[in-house]
Amino acid sequence: MDIFLVRHGEAAASWGQASDPGLSELGVEQAAAAADALYPQLVPDVQLLSSPLKRALDTAAPLAAALGAPVRVNEAFREVLAPVPLAERQAWLRQFMQQQWAEQPENLRQWRRGAIEELLALDSPAVVYTHFLVINAVVGQLVGDEKILHFWPDNGSITQLCVHDRQLELVALGAQMKTVVN
């Protein structure tokens, strides 16, 4: 059974500027491109799941419209909750991404386990609209990498998993962000 993890399109504001921004114009284009890429691969009983955050829901909208299917919100696929005020989130994130899971408090380790458990509980193929760190948490677990940051999924990228014999397996990483060297 296939599961596709789609990173939301580019947000209209950065993680440190707004708590729940929608998509930028580029993000809207990325959402449409992800829908176009996924549509031919999907089976009729595919379910659409999303983080409750606006940028993820907005990214799900084009595929939901094409399929005439509802999008079900699932808190397990929400971005990591930073334990600091909005103005301090980017600094916290930079530090967090350099750490290991064993260093994290129980609530963050439970957040990671919750995403994995929800994926394993799926009973039909699914497209999950989620976030950079959720995808990293899942992929890192599947490849046995205890670092917080495993790879750099681009906005609108599609990471493919499958469930086989009640085990999650990584099929393909989504497109990664292109780095700019100054």
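## Surroundings of His8

In this predicted model, His8 touches Arg55, Ala56, Thr59, Thr130, His131, Asn155 and Gly156, leaving aside residues up to four places away in sequence. His8 is located in the loop between β1 and α1. Its relative accessibility is 5%, so His8 counts as buried, the cut-off being under 20%.

## Helix α1

Helix α1 comprises the 14 residues 25–38. At the N-terminal end, Ser24 caps α1: a side-chain oxygen of Ser24 lies 3.4 Å from the backbone nitrogen of Leu26.

The buried residues of α1 are Gly27, Gln30, Ala31, Ala34, Ala35 and Leu38. Because these residues cover an arc of only 140° around the axis, they lie on the same side of α1. Glu25, Glu29 and Asp36 are exposed on the other side of the helix. The elements covering the buried residues of α1 include β1 (2–7), α2 (54–67), β4 (126–130) and β5 (158–164).

## Packing of α4 and α5

Two packed helices are described by the angle between their axes and the distance between the axes. For helix α4 (residues 106–121) and helix α5 (residues 132–143), the angle is about 75° and the axes are 10 Å apart. Helices α4 and α5 are therefore roughly perpendicular to each other, a class that spans 65 to 115 degrees.

On the α4 side, the contact involves Trp111, Arg112, Ala115, Ile116 and Leu119. These residues meet Leu133, Val134, Ala137, Val138, Gly140 and Gln141 of α5.

Terms used. Residues numbered from 1 in each chain as written. Predicted model: local features only at pLDDT ≥ 70, side-chain atom pairs only at ≥ 80, totals over all residues. Heavy atoms only, no water. Helix = DSSP H or I, 4+ residues; strand = E, 2+ residues; numbered from the N terminus. Expected span 1.5 Å × (residues − 1). Buried < 20%, exposed > 50% of the residue type's maximum accessible area, 1.4 Å probe, protein only. Arc of directions from axis to C-beta. Contact = heavy atoms within 4.5 Å. Polar contact = N/O pair within 3.5 Å; in protein donor to acceptor, adjacent residues only side chain to side chain. Axes fitted to C-alpha atoms, helices over the stretch in contact; angles between N-to-C directions. Parallel < 35°, antiparallel > 145°, perpendicular 65-115°, else oblique.
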